[in-house]
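Please keep the sequence and the structure in view while reading.

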Amino acid sequence: MKWLIRCTVLFCSILGGIRAMPVKFAGSGDNVSSTIRYVALGDSIAYGYGLQDKEEESYVGLVRQYFEERYDYVVTNNFGKNGMRSEELLDILTNPENPNYKKYRDTISYADIVTLSIGSNDLLHLIKLDFNMEEMIREGGAKFRKACSNFASNFPKIIREIRTINPDVKIYANNIYNPAKGLSSYASVYEVAERYINLLNQAFQKAGGYCLVNIKEAFDKEKKSMINISLKGREIDPHPSKEGHELISEMVIKQIAK
């Protein structure tokens, strides 16, 4: 009987046929079995870019491990994609012509937990290591403000669409940290990034229907940099280090455990 229960739970989990969290079966003195379905959405941070073992070291992998310690079966789908911006994710969720539309929506419809890392690429691709910061601000300021405005429009739509697909899912979204922290030679880059990242993060404060994971605050409190501070040409590699992913996972798990 125990074997039959476990096989049934696993089979239904894979098919997405169970919805409640956690799913439990019991009878005839058997142990209770449970399952949870976890979906990660977003950009290269969710993907685990730059890690030696992204499956195990990324914050998504670490959150999965947290669930594996507490549930009999964990079904994880990581849809993190390098370079993804908010408008791209919104299109996937809302445009039936998008090739990923059905896959994303079907998977989300059976999820118990969704984590979301989105917004960094909306802004940070515009910030370069430019020695002439005054020129950068003058020429890029309008682009920065437009990127923040677009994200402020896209983010609540993303949350609402996830809620439309699955009204019962629990959503945890990370806000945006400043990747230029600790770059003493580029203090002006930090200042520009800080100004517009704070503007970008206002969208997280204004949106509802989800739980905010304040990564910005957590990274700011750390004396040691939480990112891979590597410079490629005139660009910053903004991705979290292994320690950064560990901190993100701790923050996400703290919210989940409440």
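Two rings of Phe, Tyr or Trp (its six-membered ring) form an aromatic pair if their centres lie within 6.5 Å; planes under 30 degrees apart count as stacked, over 60 as edge-to-face and the rest as tilted. By this rule, the count comes to ten aromatic pairs. The model is predicted, so local features need pLDDT of at least 70 and side-chain atom pairs count only at pLDDT 80 or more, while totals for chains, interfaces and linings use all residues. Residues are numbered from 1 along each chain as its sequence is written, and side-chain values use heavy atoms, with hydrogens and water left out.

**Aromatic rings**

- The rings of Phe-155 and Phe-204 have centres 4.6 Å apart and planes at 50 degrees, so this pair is tilted.
- Phe-155 lies in helix 8 (residues 133–165) and Phe-204 in helix 9 (residues 187–206), so the pair ties together parts that are 49 residues apart in sequence. Helices (H or I, at least four residues) and strands (E, at least two) are DSSP runs, numbered from the N terminus.
- Phe-155 is buried, with a relative accessible area of 0%, and Phe-204 counts as buried at 2%. Buried means under 20% relative accessible area, exposed over 50%, and partly exposed in between (1.4 Å probe, protein chains only).
- One aromatic cluster is formed by Tyr-38, Tyr-66, Phe-67 and Tyr-71.
- Lys-54 lies over the face of Tyr-47, at 4.5 Å from the ring centre. A charge sits over a ring if NZ of Lys or CZ of Arg is within 6 Å of the ring centre and within 35 degrees of the ring normal.

- Five strands form an open sheet in the order 2-1-3-4-5, with parallel pairing. Two strands pair if DSSP finds at least two bridges between them.
- Strand 2 (73–78) and strand 5 (211–213) are the edge strands, and each pairs on one side only.
- Strand 3 (residues 113–117) and strand 4 (residues 170–174) pair in the parallel sense over five bridges. Ala-173 in strand 4 is the bridge partner of Leu-116.

**Nonpolar cores**

- A nonpolar core is a set of buried Ala, Val, Leu, Ile, Met, Phe, Trp, Tyr and Cys residues joined through side-chain atoms within 4.5 Å.
- The largest core has 38 residues, of which Leu-41, Leu-116, Phe-155 and Ile-162 touch the most other members.
- Among the elements that give two or more residues to this core are strand 1 (35–42), helix 5 (86–94) and helix 6 (101–109). Helix 8 gives the most, with nine residues.
- Another core, of 27 residues, lies apart from the largest one and includes Ile-36, Tyr-38, Ala-40 and Val-252.

- Phe-219 lies in helix 10 (residues 215–221) and is buried, with a relative accessible area of 6%.
- Not counting residues up to four places away in sequence, the contacts of Phe-219 include Tyr-177, Met-226 and Gly-244. Contact means heavy atoms within 4.5 Å.
- The C-alpha atoms of Phe-219 and Gly-244 are separated by 7.9 Å, although the two residues are 25 residues apart along the chain.
- Val-169 is placed in the loop between helix 8 and strand 4 and counts as buried at 2% relative accessibility.
- Val-169 and Ile-108 are 61 residues apart in sequence and 8.2 Å apart in space, C-alpha to C-alpha.
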